[in-house]
Amino acid sequence: MTMDKLYPSLPFAPGETPLSWAARLAALHTGGSLRPFLNDMDVPFMRLAGGHADAIRHLCELAGQDHNVVEHHTIRSLDGRRFELRGEAFSAEFLTGSVTRFCPACLAEDEGGASRPHARRRGRLEWLLAPVRVCPLHQQPLIERQRDAWDNKARELQVLVPETGAELLALAASMPKRPPSPLQDYVIGRFEGAKGPEWLDGQGIEQAVRATEMLGAVLKFGTGVKVGSLKQLDWDEAGRAGWTYVSGGQTSIREALDALVADAKSSGTGCLLRTRTYGMLYTWLGRSKMSKEPGPIRDILREHILDNMDVREDRPLLGKTGVQPRRRNIAFLAASEGLHHITLRDVLRAKGVIQEDEAKRSASYVLVDYKIGKAVASEMKRAVAVTLLPLMLNASRPMVAALVDEGLLTPLHDGGFKRGKISRAVDREHVDALLSSIERIATPVGVAPGSMVSLAKCAEISRKKIQLILAAVFGGRLQRVMRLENEPGLGGLLVDPLEVKLLTPRGRPGMSAGLAFMMLGIGAAAGRRLISGQFGGTILKTVGVPGEGGAWVTPAAMACFRSRYVTFKCLLIEAKCKQPQLKRMLAAHEVKPAFDPKTLGAILYRRADLPESLEI
């Protein structure tokens, strides 16, 4: 058949595909099938099927059709099994492939009782999209057909769907009703230019759909489900389940992942395994070689794993190498720090890092915050047994006990354990700080003045408890405090018994806020800002002392502060380096002070912000 223009004209119907329109032209003008008609029109079938502009425009010229309308409904073939529609690129897997989907109710309405039904039945563009599985108009699942490879490429409805009229209506009546999923509505709307949830719109359409369906599949069918076991309507259900969370963005997605972790923990398994916890979502995103970039869902899952699971830094995690672990099991921490895992576990329990039920489980199954765990392990390695303190401090045993009771020395823990020196020990750095404070608060003298005596002698003369005397010395309640230049530690301290006799006992362990500032190496002005709530909360917690002015810092508050913050001066001691070197190390790791030094009046760092090389 040769002619300048096809007559009568058959306009392109909005929503259909170029192949569908070409098949309708063939049915109208020849009563035959698609391929012979295209050969007669000198339109290469494969060029038309691939959405190439030359084939489409040539057919449009013969049929008197605006090619822009047809091209707007054309899926163009790109290189490497990639396709494009209205600015959205995707892979072949985003299409139905060799399967042709259709809605029998739509086709029956297209025919409308016409004598040439195949000239009126339209193959919809949306039926080619894999995520579209339900007819949005008639709310019933689409039917799938396929034959040989050539017919599958042509998608010719008169070949693949020979039913007409009443047969189509009967086929439609046999299908169950179900509304389209929100994910399907999103896909259709996105191709029409509609805006959707921000998190989904920020990635490729195929990435958005795949993330939604894979997350929804493990939520709906469990983490043991496999990709190959799911049928088309199962994927539709997966899309519905996933949409609830992905439509809310990253926060909602993490809630879904939290639910998966909670389910895994409730199953009674000792250690969380990624494949058992996240199922095929992790299997998909954990592949070493991926042909398609999965999008931001991989970053979200990686962060969730880091927050909830044991991760080894020498192995890649979801396509990323060199990740720093956030959680590690106690057994690993103990081995890496040269400690016994039972000892470390007991200390972590006493410090409240782990709960009682976790302390009863195997150390290999209990995870702790990596930085906190390393900090506790480092404390343990710096631990000084209380039995050694009398020698180090040049003090009696009662004096040492009083220092601990008053909070002037904070025990690493005191949980009633009998684990060697860790059962009653203090941090060596705190011992050094106490010795340094003696030099600051006491005036050095060569010989004791007549009115001044040692702490032990003063307790005997004044009949005051040594605990009260020590609290007064380090709390600044005594006007006269001296130390013998040739006598180190507490043994060289001198006080006036007459002044001590006037002391009244305090009703709780701890120290004044002023003394706490001094022990922490923080100036009074900066200390007052820390306890004032000026920085969005009380950084150093204090309590009032009944009947007395000022604030009081308990031993627990001191321990809490020291575990979370460190001053620049203390960090110098811990890092065992000089000031310029420390500054370079902090700058290299972009570590910033926890608070503006100009506002606070001191340089204070969060221990959690420090790089591992500075965590002593």
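User: If buried means under 20% relative accessible area, exposed over 50% and partly exposed in between (1.4 Å probe, protein chains only), are Glu337 and Lys374 buried or exposed?
Analyst: This is a predicted model, in which local features need pLDDT of at least 70 and side-chain atom pairs count only at pLDDT 80 or more, while totals for chains, interfaces and linings use all residues. Residues are numbered from 1 along each chain as its sequence is written, and side-chain values use heavy atoms, with hydrogens and water left out. On that basis, Glu337 and Lys374 are both buried.

User: How many residues apart in sequence are the parts that Glu337 and Lys374 tie together?
Analyst: The side chains of Glu337 and Lys374 meet in a salt bridge at 2.7 Å, N to O, the term standing for a side-chain nitrogen of Lys or Arg within 4 Å of a carboxyl oxygen of Asp or Glu. Because Glu337 lies in helix H18 (residues 330-337) and Lys374 in helix H21 (residues 370-381), the parts that the pair ties together are separated in sequence by 37 residues. Helices (H or I, at least four residues) and strands (E, at least two) are taken here as DSSP runs, numbered from the N terminus. The separation asked for is therefore 37 residues.

User: How far apart are the closest N and O atoms of the salt bridge between Arg345 and Asp346?
Analyst: Both Arg345 and Asp346 are buried. They form one of the 33 salt bridges that the rule gives, and the closest N and O atoms of this pair lie at a distance of 3.8 Å.

User: Which residues are linked with Arg178 in a network of salt bridges?
Analyst: Salt bridges in this model also join into a network. With Arg178 as one member, the others are Asp236, Glu237 and Arg240.

User: Which residue in the hairpin of S2 and S3 takes a positive phi?
Analyst: Four bridges join strand S2 (residues 82-85) to strand S3 (residues 88-91), the two running antiparallel, and Glu84 stands opposite Ala89 in S3. Two residues lie between the strands of this hairpin, and the positive phi, near 50°, belongs to Arg86.

User: Which residue in S13 is the bridge partner of Met482?
Analyst: An open sheet of four strands has the order S10-S12-S13-S11, with mixed pairing. Its edge strands, each pairing on one side only, are S10 (443-445) and S11 (453-454). Strands S12 (residues 481-484) and S13 (residues 493-495) run antiparallel and are joined by three bridges, and in S13 the partner of Met482 is Leu494.

User: Which residues does Lys153 touch, leaving aside those up to four places away in sequence?
Analyst: Lys153 belongs to helix H7 (residues 149-154) and is partly exposed, at 45% relative accessible area. Its C-alpha atom is 8.9 Å from that of Val99, 54 residues apart along the chain. With contact taken as heavy atoms within 4.5 Å, Lys153 touches Leu19, Phe45 and Met46.

User: Which element gives the most residues to the lining of the largest cavity?
Analyst: A cavity is a set of points on a 1 Å grid over the protein atoms alone where a 1.4 Å probe fits but cannot get out, lined by residues with an atom within 4 Å of a point. The largest cavity holds about 80 Å³ of space, and its lining includes Ser20, Ala23, His118 and Glu156. Helix H1 (18-29) and helix H8 (157-160) are the elements that give two or more residues to it. The greatest share, four residues, comes from H1.

How values were computed. 1 Å grid on protein atoms, 1.4 Å probe; cavity = no way out; pocket = protein on both sides within 12 Å on 5 of 7 lines; lining within 4 Å. Points joined across faces, edges and corners; volume = space filled by probe spheres on them. Pairing = 2+ DSSP bridges.
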